[in-house]
Amino acid sequence: MMTADPLTPLPERAAQALAALGVPAQCRAAPAGACTLRLGPKGQWTDYRAVAVPALARATLGAALMQARQAAQQTGQPTVLLAEHVTPPVADDLRAQGQPFADAAGNAWLPAPLVFITGRKPLTKPVLPATGRADTPAGLKILFALLCQPELADAPHRTIAAAAGVALGGVPAVLQDLRHQGDLPMLGQRRRLNATRPLLDRWAQAYARRLRPKTLKGLYTTPLFDTWAEWGLTPADGLWGGEPAARLLTNYLRPGVLTIYTPRLPPQFMARQRMSKALGQVDRVLEWRVPFWGTLPPGPRPDTVPPVLVYADLLATGDGRCIETAEVLYDKYLAAAFP
């Protein structure tokens, strides 16, 4: 079997992998630099708008699904997620969500033409695209501060560094990178954030992959799990994130995991809730995450992190009910700022 040149764009390599397995596939140019995969025999093909997410994993699944659904709404076409490699568990999740996918190794689920291939491993280790300074942990912190306060875009570098909780010296390179990506255009002599939902979802995807894993400090169980809303969490104790924050903001989700952002879990708080270390348990646990920001603007509630972070945390679970709640949260709190 011939291997595709890793320098070939991902959509073309995915099409080549499908064609090698006997699935007629063509990569076709679409407006605005996008592309379409035409799949199936002549006269019976289906055109899928391609959405490339090279590093597709359980943590980035939610944000990738949001990108695919937005593309479907904008184009009126079904979408196909394209990745370097889709593992069998992620393939099962995508199929359960009804989202077509294909990868450069030949794994795919396509309703039309009907194709389901999983378990194929790449012949070589996938080479992911190089990332800029905006995709580093420091860059993601800066972009988070801008997403929470778009007016910061034209603030002095020192102000941005303080809001993001990063060293001052790293700010110029990140802002320059964002400008090159088109996310921070100049309006005259002033910077402004190109605040769109695609930018929000790209940040959520990169956050799940590069920054969120670094925030987790501990998992705990408590017999008082179901009474979490009565705990009286104060800013001195921490801020609710993820599923409990979504419940408080939307009244739409019953949490299966409790998330608290705090530099340190107060011993008195842990004693009141009778918390103990979780030993292998992953459901109905409390996760302690450390804040990664400097300062935050006032939000809809004083006891939750900003909706931008709640949205990203929900997507990072890869859970269908959390992804649905993220959509509700977006409509209620984020749609006006990120159209």
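Arg-274 is found in the loop between α9 (267–272) and β13 (276–277); helices (H or I, at least four residues) and strands (E, at least two) are DSSP runs, numbered from the N terminus. The structure is a predicted model, in which local features need pLDDT of at least 70 and side-chain atom pairs count only at pLDDT 80 or more, while totals for chains, interfaces and linings use all residues. Residues are numbered from 1 along each chain as its sequence is written, and side-chain values use heavy atoms, with hydrogens and water left out.

Phi of Arg-274 is near 55°, a positive value in a residue other than glycine. Most residues other than glycine have a negative phi, and most peptide bonds are trans. Arg-274 is exposed, with a relative accessible area of 53%; exposed means over 50%, buried under 20% and partly exposed in between, with a 1.4 Å probe and protein chains only. Arg-284 also has a positive phi, near 55°, and its place is in the loop between β13 and β14 (285–289). Arg-284 is partly exposed, at 40% relative accessible area. As for peptide bonds, the one from Ala-112 to Pro-113 is cis, with omega near -5°, and Pro-113 lies in the loop between β6 and β7.

Those two strands belong to an open sheet of seven strands, in the order β1-β2-β3-β4-β5-β6-β7, with mixed pairing; two strands pair if DSSP finds at least two bridges between them. β1 (25–29) and β7 (115–117) stand at the edges with a single partner strand each, so one side of each has no neighbour in the sheet. β1 and strand β2 (residues 35–39) pair in the antiparallel sense over five bridges, and Arg-28 stands opposite Thr-36 in β2.

Which residues of helix α10 are buried? Ten of the ten residues of α10 (residues 307–316) are buried, so this helix is largely enclosed by the rest of the structure. Among them are Pro-307, Tyr-311 and Asp-313. What covers the buried residues includes α2, α7 (197–215) and α11, where contact means heavy atoms within 4.5 Å. Gly-318, with a positive phi near 70°, follows α10.

Helices α2 (residues 61–75) and α11 (residues 320–334) also pack together, at an angle of about 55° and with their axes 10 Å apart. Axes are lines fitted to C-alpha atoms, for helices over the stretch in contact, and angles run from 0 to 180 degrees between N-to-C directions. The contact is made by Gly-62, Leu-65, Met-66 and Arg-69 of α2 with Ile-323, Ala-326 and Glu-327 of α11.
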